[in-house]
Amino acid sequence: MNILKRELKANLKVFIFWIIGLFVLLFAGMTKFSGMGQVAGGADVNAVMSKFPKVVLAVFGMVGVDVASLPGYYAILAYYVLICAVIYGIQLGVNAAVKEINDKTYEFIFTKPCSRSYVLGIKIAASWFNLILFIIFEFVFSLLAVAFLDTGEQINQVIFLYAVSILLVSSLFFSLAVFLSIVIKEVEKGMLYTNLIFLSAFVMAIVYDMLENGRVIKVITPFKYFEAKDLVKSRLDGWYVLVCMALSMVLLTESFVKFKKKDLK
Amino acid sequence: MNAIETKKLTKSYGKSRGIMDIDLEVKEGEIFGFIGPNGAGKSTTIRTLLGLIHKDSGEAKIFGMDCEGEREKILKETGYLPSEVFYYENMKAIDLLRYSASFYKKDCSKKIKELADALGLDLNKKIEDMSLGNKKKVGIVQGLLHSPRLIILDEPTSGLDPLMQQTFFELIQEENKRGATVLFSSHILSEVQKICDRVAIIKDGRLIQTQKISELQDNSYKKITFHVKDNPLDEFQLKGATNIEIKGQTVRFIYRGDCNLLLEKINNYPLLNVDISEPSLEEIFMHYYSDKNK
């Protein structure tokens, strides 16, 4: 309990900053929807979008999305939330695994009468709790922001499925960050390598959107495990739910095994 | 029973660093000095004992328990002061100490207060605003607050002023009277000599010698330097003198033996100046090595 309390307290400040950012993104973002139906000159917004190069649409998560519809517009915002959640998840994962080593406080905590696995387990639990809380806030803010728009359209299920998909994907990156931070010998490079994988996955997601048939790429980019075209129709790909959960479990289990053997220095 | 026992303990970090075949026996209730220059392997040995790093081979036991297999049981009975103290941001000393105490199933508040009073430590100050010496004091309280059976101190006096060092030695001696065993690691021979019963000397990852402090003092080494008037010296010889260096009118050597014989010998020269001092640890090591190579 003592470690959990300290971890939650230590994570609180950064968490508040992320929540403020999330609030601004969702509320400011959703208020722009009222101007989306038509752009200046009365042209259809989708027609304007189609004139953009496809790579630009891919970077902004707009491929295959009807931005004039409420679920389609929300899908774009949710894509940005997903990116934020992944970045936050990586940060939390790295901190849970190796912050004590980086800050050289490991000689304090790991000479207390607790097993290494217990300390790591509590740290992972505290950080993951922060990530879940972030996504709960995302869900609540989204419901409120859509309600404020007062369009009369109900997209609660879409919002819920998006929250689930964001949780799954960000948890996968969280687990990857924990794992890489532990297995890489130079602990300060854990964040760097995880960020490189994050960027590669992001670029792969763009490439996937550019290609007509990119099924092979989809497997290696978690950003495309749950696609907007399915989620806006309230469909969640069950296969990738399993993939996310299984990969996260394997990465975390392996993290505990490796951490037990790691030299702390 | 031995408080600490290692047999052929080896840990390698690469080609030249680490420890090799360390055989250490620290008896329960003694204050044991562990001495060697920086980088000799003192901290590596300690970290292996505490399970922070894993041995490559050999055995390491504390109170008869295996340092890796029964780590948690050992740590319940152990207090550790690292050579450099790093604590969490935004924590007051009292918060850190309470957090530390929460890992042991006993009330440590009285002991925290006693130790803080003895060291003159302000418990309500944030650790990040403290000087190195005060951070070290927090470390000392943190290592002793649960009245451990074994106290491991890694370079504990760095950052403490001489007066505070004296207070610290008294605290350690009190803990020892209470029954605690102390492993005191340092690179300063004189401070180890002050409070330790026995001392082990480590260099380049190998244990050179384990000696009683009383024996070390009986056979204490002296560094002798003398300058003669007028003509430079060609040679100098004396039983017990090693590492002899003659440069013009100056003679330097390390001496172990009868002081009367030494004074008698150098009194034969037309002296300008004589300096008899305690050799540095490095110089003692050099001496050990030259003894060993003979």
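Colleague: How many bridges join β9(B) to β10(B), and do the strands run parallel or antiparallel?

Modeller: Six bridges join them, and the two strands run antiparallel. Strands of a sheet pair through backbone hydrogen bonds, either parallel or antiparallel. Here two strands count as paired if DSSP finds at least two bridges between them. Helices (H or I, at least four residues) and strands (E, at least two) are DSSP runs, numbered from the N terminus. One word of orientation: this is a predicted model, where local features need pLDDT of at least 70, side-chain atom pairs count only at pLDDT 80 or more, and totals for chains, interfaces and linings use all residues. Residues are numbered from 1 along each chain as its sequence is written, while chains are lettered from A and ligands numbered from 1 in the order in which they are written.

Colleague: Which residue stands opposite I201(B) in β10(B)?

Modeller: That is Q209(B). β9(B) and β10(B) form a hairpin with two residues between them. In its turn, D204(B) has a positive phi of about 50 degrees.

Colleague: Which residues of β9(B) point one way, and which the other?

Modeller: In a regular strand the side chains alternate between the two faces of the sheet. In β9(B), R198(B), A200(B) and I202(B) point one way, V199(B), I201(B) and K203(B) point the other way, and all are buried. A residue is buried if 20 or more other C-beta atoms lie within 10 Å of its own, exposed if 12 or fewer, and partly exposed in between, with C-beta atoms placed from the backbone. Six of the six residues of β9(B) are buried, so this strand is largely enclosed by the rest of the structure.

Colleague: In what order do the six strands of the open sheet come?

Modeller: Reading across chain B, the order is β6-β7-β8-β3-β9-β10, with mixed pairing. β6 (78-81) and β10 (206-212) stand at the edges with a single partner strand each, so one side of each has no neighbour in the sheet. From one strand to the next, the twist averages 15 degrees. Axes are lines fitted to C-alpha atoms, for helices over the stretch in contact, and angles run from 0 to 180 degrees between N-to-C directions.

Colleague: What are the pairings of β3(B)?

Modeller: Strand β3(B), residues 31-35, pairs in the parallel sense with β8(B), residues 181-186, over five bridges. There, I31(B) has V182(B) as its bridge partner. Four bridges join β3(B) to β9(B), again running parallel, and F34(B) stands opposite A200(B).

Colleague: Which strands does helix α6 of chain B lie across?

Modeller: Helix α6(B), residues 162-178, lies across β3, β7 and β8, at about 150 degrees to β8(B).

Colleague: In what order do the strands of the antiparallel sheet come?

Modeller: Four strands of chain B form this open sheet, in the order β12-β13-β11-β14. β12 (241-247) and β14 (271-277) are at the edges with a single partner strand each, so one side of each lacks a neighbour in the sheet. Strand β11(B), residues 222-228, pairs with β14(B) in the antiparallel sense over six bridges, and K223(B) stands opposite S277(B).

Colleague: How many residues of chain B are in contact with chain A?

Modeller: Two residues are in contact if their C-beta atoms, placed from the backbone, lie within 7 Å. By that rule, 15 residues of chain B are in contact with 17 residues of chain A. Helix α2(B), residues 71-76, gives the largest share of chain B's side, three residues.
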